[in-house]
Amino acid sequence: MIKKLFKNIFLQEAYFWLTCPALLWEICFLYLPVLVLALYSILDYSSGSTAIHLTFEHYQKIFNSLYFKIILNSCVLAIVTATICLFIAYPVAYFLAFKVNKRFRIFLLFLIIIPSWTSLIVQIYAWFFLLEKNGLVSQLLSTLGLFSDSHHLLNNYFSIIVGMVSCFLPFMIFPIYAILERMDKQLLEVSADLGASRYETFKRVVFPLSLPGVYAGVLLVFIPALGEFAIPTLLGGSKRVFWGSIIVDKFLRSRDWRSGAALAIIGILFPALIGLLIYLFNKSINYFKRDKIKIDKTKKAKDNWDFTESNI
Amino acid sequence: MVESRSIIAKILQPLFVCFTYLFLYLPIITMVLFSFNNSSVSMKWEGFSLRWYRQLFKTPEIINALQTSLIVAFCATILSVLLGLWLILGSRTWKSYFPFNLFYTNIILPEIVLAIGLLSIFTFFRISLGYISLITGHTIIGLGYVVPILRARFTELDPVLTEASLDLGASYFQTVRKILLPLLMPSLVASALLVFTLSLDDFLIAFFCVGPKVQTLSVYVYSMVRTGVDPTINAISAIFLSLSSLVMLILCFLNVLDQVISHE
Amino acid sequence: MRHIRVENVNKSFDGEIIVDSLNLEIPAGQFFVLLGPSGCGKTTLLRLLAGLDSVDAGRIFLGNEDITYLPINKRRINTVFQQYALFPHLTVFENVAYSLRLKKLSQTVIKEKTHEALKTVRLAGQEFKFPRSLSGGQQQRVALARAIVNEPDVLLLDEPLAALDLKLKEEMMVELIELQDKLKTTFIYVTHDQQEALTVADQIAIMNDKGQIEQMGTPKQIYEFPVSTFVANFVGNNNIIEGALHVHDGNFFVEVEGLGCVSVYISEKFRLIPGCRLFMSIRPEKIFISKKDKQGFSSRLEGKAIEIIYYGHSTNYLVKLKSGKLLRVFEQNEEHFPQEIIDYDDLVYLYFQKENIVLLEH
């Protein structure tokens with residue numbers, strides 16, 4: 001492979017070097033920082049000397065302490081957010097993809113995109129504004145006679161979830177919509193023709209085919225939701241602590257960068273694991289496909305030589 | 001397709017979708033409305049007024065923060081688009097060996113990890129935080145969007161059109177100039193706008209990498225929110241919102257244009 | 001106009017050998033067709049000639065010039081791509097004028113040459129349309145015009161008619177023949193459709209799926225005198241019968257198991273080893289079928305008509321011989337009121353003339 005690379009460089013030199021700035025940038029400002037973090041988390045100065053030794057004590061500290069619970073909480077929050085988003089997004093995406101005509105569809109999509117591109121902080125603040133004591137929502141609810149105590153709307157788990165879902169919902173809607181829209185509508189017709197009810201068609205045809213979009217959406221929501229600390233901090237009050245918040249704490253307040261780095265590395269392991277799983281999954285599918293193609297080729301070669309029956 | 005749908009389903013689905021939209025828009029709309037509220041105690045409507053907007057422009061911190069945000073966004077956009085474009089054009093010489101997957105990490109990685117990673121290396125190499133750290137961080141995020149978008153469009157054009165152009169006697173440079181760039185332009189502009197907006201909106205990287213003298217708009221709003229509700233924030237948010245909407249409108253228009261040009 | 005010579009060219013992709021020590025000489029000024037099954041490497045060879053891929057070994061000559069390592073844009077060879085590859089953001093005029101603009105010719109010259117090219121492909125008047133508003137056939141003509149406006153030494157066409165419907169295909173084939181006649185440029189045309197090949201070609205080279213040239217010749221030579229079973233089977237319909245060669249009294253026979261002896265004609269080129277096994281190839285249209293006894297033929301076989309397909313201008317019979325062997329026969333429907341009608345399960349005689357049987361080596 002390296003030989004071929006050099007051959008290409010020789011043949012079309014100038015353009016090869018064009019790719020280098022971006023690659024260098026990637027390595028310096030993405031992979032290097034992560035590496036540095038990893039190193040920070042496992043290396044430490046021995047007490048008294050300036051020698052560096054390998055240690056996993058920071059990881060141990062995390063697993064043995066309160067922090068582990070916090071990380072778990074963050075995972076739970078992210079999973080809950082992703083699940084709620086999925087259940088809301090799927091029907092909406094389905095509706096947009098199948099039940100709305102083209103022109104109106106672009107307008108509706110446009111409407112969904114706008115909130116997702118407004119600054120995160122702006123959205124959080126908007127909810128803060130709505131949900132606070134004497135805010136609009138509590139006023140509305142009290143006029144309807146449902147709520148008397150407006151305290152309960154803000155600074156609790158409910159407000160965090162509301163904030164998270166409203167921020168991440170568009171990111172779940174898009175991938176699912178994209179995949180549903182691209183689906184061959186003829187498949188639905190065939191399914192109906194073969195006798196399936198609309199529910200069955202959905203269960204057996206639409207949903208399985210939409211899974212890649214679902215995976216993408218879950219990924220797009222789960223991973224950022226893990227690292228989210230602004231929403232829980234602002235909407236959940238300072239007594240609720242999540243993974244993002246303790247990283248902030250470690251890095252900006254207590255200056256305990258080593259533990260903070262260890263925490264961050266743990267946070268990378270999640271997406272890395274997911275990425276690896278998806279990669280392996282894809283590879284195994286391709287492996288099975290490849291065998292089939294080989295078989296077809298040898299069959300074709302034989303057909304050309306054989307002439308006993310009709311040759312039309 | 002002939003289908004029988006119950007009336008409940010016919011009403012429920014659109015209703016559900018309506019509620020979802022309401023859920024997404026309620027806070028934003030309220031906030032925009034109340035940014036025109038002539039009262040410093042948030043919830044009571046006391047007449048239409050632009051006073052918060054006026055106050056906005058009188059506060060120097062806000063103007064500075066806005067300026068910083070814009071400069072950083074502008075630089076990050078130019079950098080990501082240029083680097084991404086060069087990458088895509090040059091990747092042709094690598095044929096199929098090019099590690100595009102490297103760039104998908106940019107989106108997969110939690111932004112907070114990127115932020116503290118950048119913080120670590122900048123401190124380690126004793127580079128002062130500020131514009132540089134912000135721009136580099138935002139460029140990384142930008143590349144994560146620019147590369148897939150350009151690549152998707154590029155694979156439609158190359159190798160077919162590139163080979164046709166070379167076959168007719170053009171050099172690769174001429175091909176880029178006459179064929180590839182014009183056809184890539186809508187994607188380029190689209191990704192540029194996308195990166196610009198992302199950079200303006202970005203909070204996490206700014207939060208960690210901002211220095212003592214430098215502040216972006218998002219961080220400023222955050223610090224203000226921690227101290228309580230202030231209608232000025234409403235005004236800022238409303239401006240943010242209109243900017244984003246404008247960008248989206250342009251993008252939609254570009255998308256339509258692009259489809260019209262390349263539709264066969 | 002210069003001829004093309006391919007010398008010992010090798011090309012492999014991902015470890016798989018596509019073209020293996022290929023030698024080919026394509027004369028100048030002719031309509032040359034590369035015919036072969038899908039995936040046999042003919043498109044690869046075309047791309048090597050165009051310069052779109054580089055050879056692993058061997059050389060390519062254009063006239064006396066070694067163009068093996070000459071980059072695409074410097075070769076005086078132009079390609080008409082299978083998907084047309086028209087530049088969507090340029091008008092028809094600009095598409096065709098593209099290569100002229102690169103040469104920085106004057107505006108009047110560009111205009112003149114472009115109009116000329118468009119007139120030749122019968123697209124005058126469409127100059128300012130965009131490719132997306134043209135039909136498939138029109139798009140293809142633009143691709144053609146774009147390639148010929150340069151007056152290249154060689155024009156490469158990669159399955160250009162693949163995307164067109166039958167009627168349009170037939171029209172375009174005639175137009176291509178006329179175009180080549182008029183321009184006298186060497187056309188190298190790649191296809192898997194043997195009908196196309198037989199129609200347009202001055203010379204055909206048949207490529208097998210191992211990337212080797214099996215036979216090269218005029219359409220008639222290829223069709224009437226195939227040199228291998230591959231060629232015999234690939235081009236047109238064929239009947240292949242295996243047997244052993246015998247000599248008796250100066251006459252040659254092929255003994256077929258279960259069927260008896262068929263009289264054959266040996267040309268001087270064929271190697272004579274009495275008793276050797278070989279194949280007989282006979283085209284369906286060269287077998288005479290009848291229920292009655294006929295005189296004047298060299299051999300006769302008996303069988304039963306098990307399949308009859310009516311094509312309008314001809315009828316296609318599948319006849320099962322005593323040994324179980326199946327033969328196909330085409331009979332032209334010459335008469336409105338045929339003298340005999342052959343029906344299913346009728347016993348028929350198949351008559352052969354020995355000159356019509358081609359012998360192929362085992």
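This is a predicted model: local features need pLDDT of at least 70, side-chain atom pairs count only at pLDDT 80 or more; totals for chains, interfaces and linings use all residues.

E3(C) is joined by five bridges to strand E8 (residues 186–191) of chain C, and the two run parallel. A parallel pairing over four bridges also links E3(C) to strand E9 (residues 203–207) of chain C. Phe32(C) takes part in both pairings: Phe32(C) stands opposite Ile188(C) in E8(C), and Phe32(C) stands opposite Gln203(C) in E9(C).

Chain C has eight helices and 20 strands. Its C-alpha atoms fill a box of roughly 75 × 50 × 35 Å, taken along the principal axes. Of the 362 residues of chain C, 37% count as buried. Among contacts in chain C with a separation of 6 or more, 65% are between residues 24 or more positions apart.

Elsewhere in chain C, Ile241(C) belongs to strand E11 (residues 239–248). Ile241(C) counts as buried because it has 20 C-beta neighbours inside 10 Å, and 20 or more is the condition for that class. Once neighbours within four places in sequence are left aside, Ile241(C) is in contact with Val256(C), Phe279(C), Met280(C) and Lys325(C). Asp56(C) lies 185 residues from Ile241(C) along the chain, and the C-alpha atoms of the two are separated by 40 Å.

Two loop residues of chain C deserve attention for their backbone angles. Most residues other than glycine have a negative phi. Glu159(C), a residue other than glycine, has a positive phi near 40°. Glu159(C) is placed in the loop between strand E7 (154–158) and helix H5 (166–183) of chain C. With 20 other C-beta atoms within 10 Å, Glu159(C) is buried. Lys184(C) also is not a glycine, and its phi is positive at about 60°. Is Lys184(C) buried or exposed? Lys184(C) is exposed, because 11 other C-beta atoms lie within 10 Å.

Attention now turns to helices in the other chains. Helix H8 (residues 157–182) of chain A has 26 residues, which at 1.5 Å a residue should span 38 Å; the end C-alpha atoms are 37 Å apart, in agreement with that expectation. Of the 26 residues of H8(A), 20 are buried, so the helix is largely enclosed by the rest of the structure.

Helix H1 (residues 7–34) of chain B may be examined in the same manner. Its 28 residues should span 40 Å at 1.5 Å a residue, and its end C-alpha atoms, 39 Å apart, agree with this. H1(B) has a kink of about 45° at Tyr25(B), shortly before the proline Pro27(B). Pro27(B) is itself buried, as are Val17(B), Leu24(B), Ile28(B), Met31(B) and Phe34(B) in H1(B).

Chain A can also be considered by domain. Its domain assignment gives domain 1 (29–64 + 243–276) and domain 2 (73–241). The contact between them takes nine residues from domain 1 of chain A and 10 residues from domain 2 of chain A. On the side of domain 1 that touches domain 2, helix H12 (243–253) and helix H13 (257–305) of chain A are the elements that give two or more residues. The largest share of that side, five residues, comes from H12(A). By class, the side of domain 1 that touches domain 2 has six nonpolar, three polar and no charged residues.

Notes:
Residues are numbered from 1 along each chain as its sequence is written. Chains are lettered from A and ligands numbered from 1 in the order in which they are written. Domain bounds come from an automatic or database domain assignment. Two residues are in contact if their C-beta atoms, placed from the backbone, lie within 7 Å. Ala, Val, Leu, Ile, Met, Phe, Trp, Tyr, Cys and Pro count as nonpolar, Asp, Glu, Lys and Arg as charged, and the others, Gly among them, as polar. The expected span of a helix is 1.5 Å times one less than its number of residues. The bend at a residue is the angle between axes fitted to the seven residues ending there and the seven starting there. A residue is buried if 20 or more other C-beta atoms lie within 10 Å of its own, exposed if 12 or fewer, and partly exposed in between; C-beta atoms are placed from the backbone. Two strands pair if DSSP finds at least two bridges between them.
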